[in-house]
Amino acid sequence: MLEVFIDGASAGNPGASGIGIFIKGEGHLIKISEVIEDTNNHIAEFKALVRGLEEAKKLGTDFVWMRSDSKIVVASIEKEYVKSEEFKPFLEQALTLIETFPTFFIKWIPDKENRAADALARQAIQTRKSAIYKE
């Protein structure tokens with residue numbers, strides 16, 4: 001099982017933005033801090049979702065347990081629906097990727113339980129550099 005923690009952050013609305021992905025399990029410990037285009041926090045959260053799923057797919061896992069502190073992202077996946085036209089392309093991408101995993105769960109967690117992914121997203125904003133760390 002891969003545990004995938006995701007977070008998006010923006011310094012403004014819109015503003016400088018980054019995503020953070022923290023993956024552990026199945027012998028992996030991966031930290032991704034990635035700069036994205038200037039956007040708002042919700043778009044950053046959805047971009048983190050898609051990027052986290054893409055990374056899990058690359059690792060060839062059958063079981064993904066994803067966690068996010070974004071209620072809109074988690075609810076959108078659980079309901080397979082989002083009102084905003086702006087978010088629909090991200091939801092469609094995510095659902096297509098989720099279908100490739102035999103077992104997938106997503107859970108909302110409070111900010112304090114998502115500190116690793118949050119720090120990676122903020123690092124991308126502060127440094128304006130993307131980085132991948134594998135341990």
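Select proline 14 to start: it sits in the loop between strand 1 (2-12) and strand 2. Helices (H or I, at least four residues) and strands (E, at least two) are DSSP runs, numbered from the N terminus. The peptide bond that joins asparagine 13 and proline 14 is cis, with omega about 0°.

The model is predicted: local features need pLDDT of at least 70, side-chain atom pairs count only at pLDDT 80 or more, and totals for chains, interfaces and linings use all residues. Residues are numbered from 1 along each chain as its sequence is written, and side-chain values use heavy atoms, with hydrogens and water left out.

Next, select lysine 24, in strand 2 (residues 15-25). Lysine 24 is partly exposed at 32% relative accessibility; buried means under 20% relative accessible area, exposed over 50%, and partly exposed in between (1.4 Å probe, protein chains only). Glutamate 135 is 111 residues from lysine 24 in sequence, with 9.8 Å between the C-alpha atoms.

Move to glutamate 34 in strand 3 (residues 28-39). Glutamate 34 is buried, at a relative accessible area of 19%. Not counting residues up to four places away in sequence, glutamate 34 touches Gly18, Ile19, Arg51, Ala124 and Ser130. A C-alpha to C-alpha line from glutamate 34 to leucine 120 spans 7.8 Å, and the two are 86 residues apart along the chain.

Now show helix 1 and helix 3 together. Their axes come within 10 Å and cross at roughly 20°; axes are lines fitted to C-alpha atoms, for helices over the stretch in contact, and angles run from 0 to 180 degrees between N-to-C directions. Helix 1 is therefore roughly parallel to helix 3 (angles under 35 degrees count as roughly parallel, over 145 as roughly antiparallel, 65 to 115 as roughly perpendicular and the rest as oblique). The crossing of helix 1 past helix 3 is left-handed, meaning that the near helix is turned anticlockwise from the far one by less than a right angle, whereas clockwise would be right-handed. To see the contact, select Ile43, Phe46, Lys47, Leu49, Val50, Leu53, Glu54 and Lys57 in helix 1 with Phe90, Gln93, Ala94, Leu97 and Ile98 in helix 3.

The axes of helix 1 and helix 2 come within 9 Å and cross at roughly 50°, which makes helix 1 oblique to helix 2. Here helix 1 passes helix 2 in a right-handed crossing. His42, Glu45, Phe46 and Leu49 of helix 1 make the contact with Ile72, Val73, Ser76 and Ile77 of helix 2.

Stay on helix 2 (residues 71-79) and colour Val73, Val74, Ser76 and Ile77, which are buried. These residues lie on the same side of helix 2 because they cover an arc of only 160° around the axis, taken from the directions from the helix axis to the C-beta atoms. Their cover includes helix 1 (41-58), strand 4 (63-68), helix 3 (88-98) and strand 5 (103-108). On the face turned away from the buried side are the exposed residues Lys71, Glu78 and Lys79.

Step just past helix 2 to glutamate 80, which takes a positive phi of about 55°. Glutamate 80 lies in the loop between helix 2 and helix 3 and is exposed at 56% relative accessibility.

Finish at arginine 128, in the loop between helix 4 (115-127) and strand 6 (131-134). Arginine 128 is not a glycine, but has a positive phi of about 55°. Its relative accessible area is 39%, so arginine 128 is partly exposed.

Terms used: Contact means heavy atoms within 4.5 Å.
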